[in-house]
Amino acid sequence: LLKVVEEIYETLGTGTLKIIDIDNQNKKSIVRVYNSPLAESSLSKNRKSKEAVCYSISGILAGMFSFLFNDNVDVKEKVCLAQGKEYCEFIIQKEVN
């Protein structure tokens, strides 16, 4: 199923998704996105960002993992290609009320 999720993500044209860690019981995951077009666009303007810029990818991941976990999730981008990093990394966890 995880391979299918990665393949579906790639069809969106928003980079290559790799699930690094997933904990279904606690509804947490760490994923990396390589070649984010949003981050690459920021870098193509010859400027590194101080902040993560892939907000729409966070939204896509929230939808996908809410479905997978059957629960609402929060998604935070901790590392971003636009900051000069090798990839974008997202922390996904069950939404805290």
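With which residue does Glu 89 form a salt bridge, and how far apart are the closest N and O atoms? The partner of Glu 89 is Arg 32, and the closest N and O atoms of this salt bridge are 2.7 Å apart. The pair links distant parts of the chain, since Glu 89 lies in strand β4 (residues 88–94) and Arg 32 in strand β2, 57 residues apart. Glu 89 counts as buried at 14% relative accessibility, where buried means under 20% relative accessible area, exposed over 50%, and partly exposed in between (1.4 Å probe, protein chains only).

The model is predicted, so that local features need pLDDT of at least 70 and side-chain atom pairs count only at pLDDT 80 or more, while totals for chains, interfaces and linings use all residues. Residues are numbered from 1 along each chain as its sequence is written, and side-chain values use heavy atoms, with hydrogens and water left out.

A salt bridge is taken here as a side-chain nitrogen of Lys or Arg within 4 Å of a carboxyl oxygen of Asp or Glu, and by this rule the count comes to 3 salt bridges.

| Salt bridge | Closest N and O atoms |
|---|---|
| Glu 89 and Arg 32 | 2.7 Å |
| Asp 71 and Lys 27 | 3.2 Å |
| Lys 94 and Asp 71 | 3.5 Å |

Lys 27, Asp 71 and Lys 94 are linked in a network of salt bridges. Asp 71 is partly exposed, with a relative accessible area of 23%, and Lys 94 is likewise partly exposed, at 41% relative accessibility. Lys 94 lies in strand β4 and Asp 71 in the loop between α3 and β3, so this pair ties together parts that are 23 residues apart in sequence. Helices (H or I, at least four residues) and strands (E, at least two) are DSSP runs, numbered from the N terminus.

The strands that hold some of these residues are also paired with one another, where pairing requires that DSSP finds at least two bridges between two strands. β1 and β2 pair in the antiparallel sense over 7 bridges, with Tyr 34 in β2 as the bridge partner of Thr 16. These two strands form a hairpin with 4 residues between them, and Lys 27 in the turn has a positive phi of about 55 degrees. β2 is also joined to β4 by 6 bridges, again antiparallel, and Val 33 has Cys 88 in β4 as its bridge partner. The covered face of β2 holds Ser 29, Val 31 and Val 33, whereas Lys 28, Ile 30, Arg 32 and Tyr 34 are on the uncovered one.
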